[in-house]
Structures are given as structure tokens and as C-alpha cells.
Amino acid sequence: MVQRQLDAYKQERDTRRRAYLSAPSVREKFPRVEQVALELTFSDPTGIGKHSPQTHLLGPAARAYFEVACPCSACLAGGFDLSAVISDMLSRGRSKVSGKLSCHGWQDRGRACEHRCLLELRYRATASYEPSVDAPARARLERPNRLAVRR
Ligand SMILES: [Zn+2]
């Protein structure tokens, strides 16, 4: 049983990793974006768990992958998917979005599907964009990678 659980955690990590690796870069998906900053804070409704806040900075070369793993190590099939909100913000050229989400994973510990995790995430995302130029996005995409500014 314990082994099966460990496998489930490993499988989940592998799936996440594959999704991350197959995500396009921020530059490919949102050519005008210079940087995206994600500020994340977590609160445990039971008051038991304490999880450090996180800040993620994504430059043009980063993967356009906006799923946040649940910081609770016992949580299975949880996490927070910010893809839709962030993609929406970036495709509209907005500079700020914030909100909160609850984790719908399971607090497993041998009793699968008994307790929802429900850890709460508050997020604030800010984005900066290159000044809009007339050069078509296509030209920027074809710029060799080594000339690209890494942030
Ligand atoms: Zn969770």
C-alpha cells in the first residue's frame, strides 16, 4: 500500500514534468512579454500547515507553464492551475491579475479520497511588455536564441 502511494506521487511528478517540458516558451506564446512575476501565498484552512510564500519570475525564455504544485507534501492530485488566468492576462496585454484558488487534491496518508486538501492559494501576477513596435511578432520569433536576452 505504501509502495502504491509512493508510485502515485512519482507518477504525478512525472506527469507534471512532462507537461512542463512540452510547454512552449513565453516568447513563443506571448512574443511581447518581457517578464511575468507571480507572487504566491498559501493558507491552510485547518491552521496546521505553514507554507512559505513563493515568488516566480518568468522571462521570455521560460516555459509558459503556469501550474503551481501544492506545497503540502501529502497532497495527491492537487495543485493550482493558473494557466487560464495568466494566459488571458498576457493575451490581452493586461499588467495585473490577482485572485485565490483552493486545492482540490486529497490529503492521502493511507486513507485515499477521504479528506480534501483545500489549501488556499492567493496569487498576484504582474506582467511587463516590450514597447509595442511595428515589427511583426514573427521576426522576433526567428531571432537566434543566443541573441535573446536571458532574464
Ligand atoms: Zn493540496
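**View 1. Gln 35 and its bridge partner in strand 9 of the predicted model.** Gln 35 has Ser 128 as its bridge partner in strand 9. The two belong to an antiparallel pairing in which strand 1 (residues 33-43) and strand 9 are joined over 10 bridges. Val 36 faces Ala 127 in strand 9.

View 2. Strand 1 and strand 2 (residues 54-58), an antiparallel pair. Five bridges connect these two strands. In this pairing, Val 36 stands opposite Leu 58 of strand 2. Strand 6 (residues 96-102) beside strand 9 (residues 120-129). Strand 6 and strand 9 run antiparallel and are paired over seven bridges. Val 97 has Ala 125 of strand 9 as its bridge partner, and Gly 99 stands opposite Tyr 123 of strand 9. How many of the seven residues of strand 6 are buried? The number is zero, so strand 6 lies largely in the open. A residue counts as buried when 20 or more other C-beta atoms lie within 10 Å of its own.

**View 3. The buried face of helix 3 (residues 83-92).** Ile 86, Met 89 and Leu 90 are the buried residues of this helix. Looking down the helix axis, they fall within an arc of 90 degrees, so they line one face of helix 3. An α-helix has 3.6 residues a turn, so residues three or four places apart point the same way. The buried residues of helix 3 pack against strand 1, strand 6 and strand 9.

**View 4. The other side of helix 3 and the residue that follows the helix.** Which residues are exposed on the other side of helix 3? They are Ala 84, Asp 88, Ser 91 and Arg 92. Gly 93, just after the helix, adopts a positive phi of about 70 degrees.

**View 5. An open sheet of three strands in the order 4-7-8.** The pairing in this sheet is antiparallel. Strand 4 (75-76) and strand 8 (115-116) are the edge strands, each pairing on one side only. Strand 7 (residues 106-107) and strand 8 are joined over two bridges. Within this pair, Gln 107 has His 115 of strand 8 as its bridge partner.

View 6. The chain holds four helices and nine strands. Of its 151 residues, 20% count as buried. Among contacts with a separation of 6 or more, 69% come from residues 24 or more positions apart.

Notes:
Residues are numbered from 1 along each chain as its sequence is written. This is a predicted model: local features need pLDDT of at least 70, side-chain atom pairs count only at pLDDT 80 or more; totals for chains, interfaces and linings use all residues. A residue is buried if 20 or more other C-beta atoms lie within 10 Å of its own, exposed if 12 or fewer, and partly exposed in between; C-beta atoms are placed from the backbone. Two residues are in contact if their C-beta atoms, placed from the backbone, lie within 7 Å. Two strands pair if DSSP finds at least two bridges between them. The arc is that of the directions from the helix axis to the C-beta atoms.
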